[in-house]
Amino acid sequence: MDGSNKQPNNYVAKGLNSPELRMNKNIPFVDEVVELDNVRISNSKDVDTRRPSSETKINEDIPFVDEATEPNHVKVDEPIRPKRYRDVEKGEANYKPNGNIVIHASDLGSVHSSPNSDTIVVNTPEGTLYVTLDPYSSKSTKPNSPSTQSTEISDASPSTSKAFGAEESDALLDEERDDTEIRRMNLRRNSISMPTLQNLESEVLRQQYLNNPQDEIPEHHQSTASGFSDGDHATDENNDDEDRAKTPLRSPRRKPRRFGRSEFSMDEEDYSPSNSVTSVNSLASLLKEKLQSIPQKIRKKPTDYKLRAFVALMFLAVAFFVGFAYVLYHRQALTKAYYDNVQFNEPKRIIRIFNREDNEILKATLAVGIEGKVKSYPCLAEDRLDDGSKCLEWVHTLRFYLKCLPHDPGLDNTTCYSVHWKALRNDVYPNDCFDWSDTKVHWYGAGQSLNITWPLNTGSIDYTPFITGDIQKSQWGNVLSRYLINSKGAAIIIDEETPLQIAINKERNEICLKARYDDFAYVNQLTEFPEMKYNICTSHDMKSLHSSIHSHSRAPLWDGLKPADMQTLESLISEPVWQIAPRFKHELQTETISQYTEDVINLGFLKQGHVLINEFWQNEIGDLSVDANRFETLNVTIDKLHRRGFKVAFTIQPFISTESTNFAECVQRRLLVSERNSDRRIPALTRFKSLASAGVLDITNNRSVPWILEKLEAVIEEYHIDSFYFDLGVAYDMPHYYQCEKRLINPDQYKTLFTKTFEKTLNIIGVSSAISLPRPPIFVSLPPFESSWEALAMVIPAMLTYGVDGYPFVMPGAVGGDIYWPGSEQFLPSSKGFMEVNATNTTQENGIELPERELYIRWLQMATFLPVMKFTHLPSKYNDEKVLEMAKNLTSLRQKLITPLLLKYKREALEEGLPLIRPLWLVAGGDAALLVRDEFAIGDEIVVAPVLNPGETTREVYLPAGLWQDGIDGSLRKGNRWMHEYKVPLERVAYFIRKPDDMRFK
């Protein structure tokens, strides 16, 4: 076709989006043949600029890319798809050689450009294809997108491939040169777009397409910048002379099948009917555009770490405030306030008690062991008490009572609350644990054990029945009190009827109380199910609380004391106790007693005191009569001792040996504790010290007390002894299946009844074990300690604990350690207690090895300041003048300074119940004093700091607040501080005397 034959053809589509194109079912697609003879040049004014509508998409008659359309019924004015050249070679019947030449994109030949590089010429088997390039392709809306150019098709034959110099070609070029600027400015965008091929890249892409003519173009790789445009520019309407032969093509309505999206897949909006490819060059430009856009699509956005950090911080802040609100809710919203200073969180069963300054002084978790958060309910009317108690019940589990006890604020500042737990079935045990981690307190009292010293929270012990036992067997010690006090002014007093078990867990920072029956300690069930009762008392400080609880102002200890009792009390403080306690029975004779007292007198500086003879004054334990074979002249010896100023005391026990002459009588008269679940006439047997088998007198039997008194009064009348010492053993010395005539709460109640039965009829100077305060002048003894440095270090904590427990008068063991019997479980805490009979040590007494010299000296220095000085080994046995000289100096110090102070504070102890030997925190305040376990005070006036380790001549000393005078060099010392590396020579002991604060100016 030449330019002179241009005529408008109304049958040619006016645009890819025109209504005619959408409604025409016979318009072919990009890969279908088109009859070139019937291609006419349409008027650009008739092109519609609207986008494809839904009608076009749903038109089923429009063929797809891979479909072929029969051209037989095509009208003259309709575009006829050309026959592909390869179909011609195959000789298909549809091929028409008489002018109806058809071509296909795969039949295209080589590509070359015109001399001015604005037109690309493509040779085809049927003619030459001219492609006009657009120099203003940068005006595309997308970066690197191909520009749009007009594409014209010539009907020249292959023989006229050099028609570039022909006349029609010159005329065409002249016309193009004249219209170049107009085409560049007014280029119709609905023409077939082709990119500018200025490098080999486009040629490579074209050749790849030509080599693979059957490959389909994936829809997701089609460009959104199609070769057809809507023609949005206003200038397009004025381009009437831009009529060119265009082959309108439509994108398929249905998408080709895709078995999977590649990693470069585009979004759904990238799939548009405008993404059709109409020629080889448009395919090349499309691939180039997509390859250039791939880095932009896969390029990741820079990470904004600041934003992420801010979001994380905001999340943590929100989580913190939510957690804080949760904790606050459970501590406040779910906490009920009882009375003035008690808060109880029912879901968690946590009770908190505050003092009047709103300081938390006690925290406890109640009902430990109940699985899950069992809800509590108010008690039924029939289960409530009429004393004003608050009552809660965990259904079929526990019942809880809380009451504020009445008190007189005018007398003291102590407030007490009563806690009462009732188990509602057999497998439930009331269990409360008091935590010291939050309140940061220290606990004191209760008793001593192997791993429990001072304060209680520095050790550990598992749930153990709170009865007396052997501390070397991880049991509680020989003296106990159901009383605990902490350093912030809160105390716990447990009822004696509670089947109490105590555990101290240092790792979990808690002291736990449990009520549970068992087959020995609490075999006698006083209630159907275990019950636990205790009082919680509070005050503004620890010292005032302790004084208030143990005050005997309403019933002072001196009430009812006879002058003889007061004299005995004073003599025990001011005079030594000489304990004659050989290991074997045959070693104790009249001559032994006489010789021992002679040695005491020969010392010349020690006062005569109490001669304490152990149980071997009898032939067998339980005879309750003097062994006449070994003590033929004992009455004469005792009279002689009286004339020399000594007082004689015998040791008695409630045990009757099976070898005793009284055993048969006791069995016959049923005076012994019987065996449970058996005939009452069968006694329950046990072991005690050196006894392999023994019965126990039933002190609850009314017939037993007169029988014992008769025996003891006979001994007093014949030998004129002055007093008795009760060696009661511990709870575990009772027969395991014991049964008394009257039911006991626990085995320890036996010793309490035994002491109280005879304390008013017999002169008793001491008891070996106790769970309640005996009547003065009875002293409570420390447990027997072996001769070792470890035992020496345990003396002061035991003294302090017994004092806090409410026992003001405590008798320590012998200086240098006690003597033990072979085979005795009670008095052999370690292998050091076993002594060989044929010992070869040069310092021996009756075959007994003496304590180490340095140990004896340090022990004697400490004992000088204790309420009672007890001797078994005399200082003269060492045959050392330095030991004797030191003992003499210490005796003088005690008589001049210590004894007057002890007698002074004896009155305070009888009146207020305060101990003679006190912890430093009872003297003055300060957190440092709470943990001091190797110092003690006599009243408020003397602080003693003995050396307790071998080979040491220096130590750390803490002085409470005040002014103190050094007992070694007489210098004044400021208190409320630690003194480091304080020098204490072997022959001296560190002690400090309180002085008035203004003494430093005199």
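What percentage of the 1002 residues of the protein chain count as buried?

1. The structure is a predicted model. Of the 1002 residues of the protein chain, 54% count as buried. The secondary structure amounts to 18 helices and 45 strands. Where contacts in the protein chain join residues at least 6 apart in sequence, 70% of them link residues at least 24 apart.

2. An open sheet is built from eight strands, ordered S11-S12-S13-S14-S22-S19-S18-S16, with antiparallel pairing.

3. Cys416 has Cys537 of S22 as its bridge partner. Helix H9 (residues 542-549) packs on the sheet, where it touches S16, strand S18 (483-486), strand S19 (490-494) and S22. The direction of H9 makes about 160° with that of S18.

4. Two pairings of S15 can be described. Strand S10 (residues 360-365) runs antiparallel to S15 and is joined to it by three bridges, with Ala364 standing opposite Phe434. Strand S21 (residues 510-515) also pairs with S15 in the antiparallel sense, over five bridges; here Asp435 stands opposite Glu510.

5. Parallel pairing is found at strand S23 (residues 577-580) and S24, which are connected over four bridges. Gln579 has Leu612 of S24 as its bridge partner. From S23 the chain passes through helix H11 (residues 590-603) to S24, and this β-α-β crossover is right-handed.

6. Strand S24 (residues 610-613) has His610 and Leu612 pointing one way and Val611 and Ile613 the other way, and all are buried. Four bridges also join S24 to strand S25 (residues 647-652), and these two strands run parallel. In this pairing, Val611 stands opposite Val648 of S25. A right-handed β-α-β unit is made by S24, helix H12 (residues 634-643) and S25.

7. The axes of helix H10 (residues 563-574) and helix H18 (residues 881-912) come within 9 Å and cross at roughly 140°. The crossing of H10 and H18 is right-handed. On H10, the contact is made by Met566, Leu569, Glu570, Ile573 and Ser574, and on H18 by Arg894, Thr899, Leu902, Leu903, Lys906 and Leu910. The residues of this contact of H10 with H18 comprise six nonpolar, two polar and three charged.

How values were computed. Residues numbered from 1 in each chain as written. Predicted model: local features only at pLDDT ≥ 70, side-chain atom pairs only at ≥ 80, totals over all residues. Heavy atoms only, no water. Axes fitted to C-alpha atoms, helices over the stretch in contact; angles between N-to-C directions. Left-handed = near helix turned anticlockwise from the far one by under 90°. Contact = heavy atoms within 4.5 Å. Nonpolar A, V, L, I, M, F, W, Y, C, P; charged D, E, K, R; others polar. Pairing = 2+ DSSP bridges. Buried < 20%, exposed > 50% of the residue type's maximum accessible area, 1.4 Å probe, protein only. Right-handed = clockwise from strand over helix to strand, strands pointing away.
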